[in-house]
Amino acid sequence: MARKKAGDTTPTRKPDITVGKTPRPKLATGPLTVTAQGAILKDDDRLIIVVRVLDDEGLPVTGLKKANFKLWQMAHLFDQSTSFFVVEIENIPGLEGMYHLVQKTWSVVGNGTIPFFVRVEKGKLRSGAALTFIVKVRDGLDL
């Protein structure tokens, strides 16, 4: 390592004035508020769950894709490889942040109240979940 000779001076750096004034990006954290309502259509075996997603300030969360959602029926996970798909309700005022989760095939066995659990994740630090129930009555038992 070279030694500094007596009398030598080192040039001083001018301070970077942009360092303190540049805003840092805000890390999106906080819970997501998720609500869900399940539905089935008569004479149609598709399951449709309507999901609304709001951020921690109550604003709609838009742009979510299938990878952001997980759907369970009675603890059975409908993974990403199933026929489960997501449709965002877009361009309708008042319905921002709403999604249809559609499962083409699901448990058609038996009747009764069937629980569904929906989990929504947006990044590693933001998530929320909701539970909804569907009352299923097979043909011949409708009142």
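**Sheets and core**

Author: Four strands make an open sheet in the order 1-2-6-5, and their pairing is antiparallel. Strand 1 and strand 5 (85-88) sit at the edges with a single partner strand each, so one side of each has no neighbour in the sheet. From one strand to the next, the twist averages 25°. Such angles run from 0 to 180 degrees between N-to-C directions, and the axes are lines fitted to C-alpha atoms, for helices over the stretch in contact.

This is a predicted model: local features need pLDDT of at least 70, and side-chain atom pairs count only at pLDDT 80 or more, while totals for chains, interfaces and linings use all residues. Residues are numbered from 1 along each chain as its sequence is written, and side-chain values use heavy atoms, with hydrogens and water left out.

Some terms come next. Strands (E, at least two residues) and helices (H or I, at least four) are DSSP runs, numbered from the N terminus. Two strands pair if DSSP finds at least two bridges between them. The protein chain has eight strands and zero helices.

Strand 5 pairs with strand 6 in the antiparallel sense, over four bridges. Val87 has His100 in strand 6 as its bridge partner.

There is also an open sheet of four strands in the order 4-3-7-8, again with antiparallel pairing. The twist here averages 25° from one strand to the next.

Strand 3 (residues 69-73) runs antiparallel to strand 7 (residues 112-121), and five bridges join them. Gln73 stands opposite Phe116 in strand 7. Strand 7 also pairs with strand 8 (residues 127-136), antiparallel, over ten bridges. Phe117 has Leu131 in strand 8 as its bridge partner. Arg119 faces Ala129 in strand 8. Five residues lie between the strands of this hairpin, and Gly123 takes a positive phi near 80° there.

Now the core. A nonpolar core is a set of buried Ala, Val, Leu, Ile, Met, Phe, Trp, Tyr and Cys residues joined through side-chain atoms within 4.5 Å. The largest one has 22 residues, and Ile49, Val51, Phe69, Leu101, Val118 and Val120 touch the most other members. Strand 1 (33-40), strand 2 (47-54), strand 3, strand 6 (98-103), strand 7 and strand 8 each give two or more residues to this core. In soluble globular proteins, nonpolar side chains tend to be buried together.

Take Val118. Val118 lies in strand 7. Val118 is buried, at 0% relative accessible area. Buried means under 20%, exposed over 50%, and partly exposed in between (1.4 Å probe, protein chains only). Beyond four places away in sequence, Val118 touches residues including Ala36, Ile49, Leu71, Leu101 and Ala130. A contact means heavy atoms within 4.5 Å.

Last, confidence. pLDDT is the predictor's confidence in each residue, from 0 to 100. The chain mean is 77, and 65% of residues reach 70 or more. Among the elements, strand 2 has the highest mean pLDDT (91) and strand 4 the lowest (75). Where pLDDT is low, the predicted coordinates should not be read in detail.
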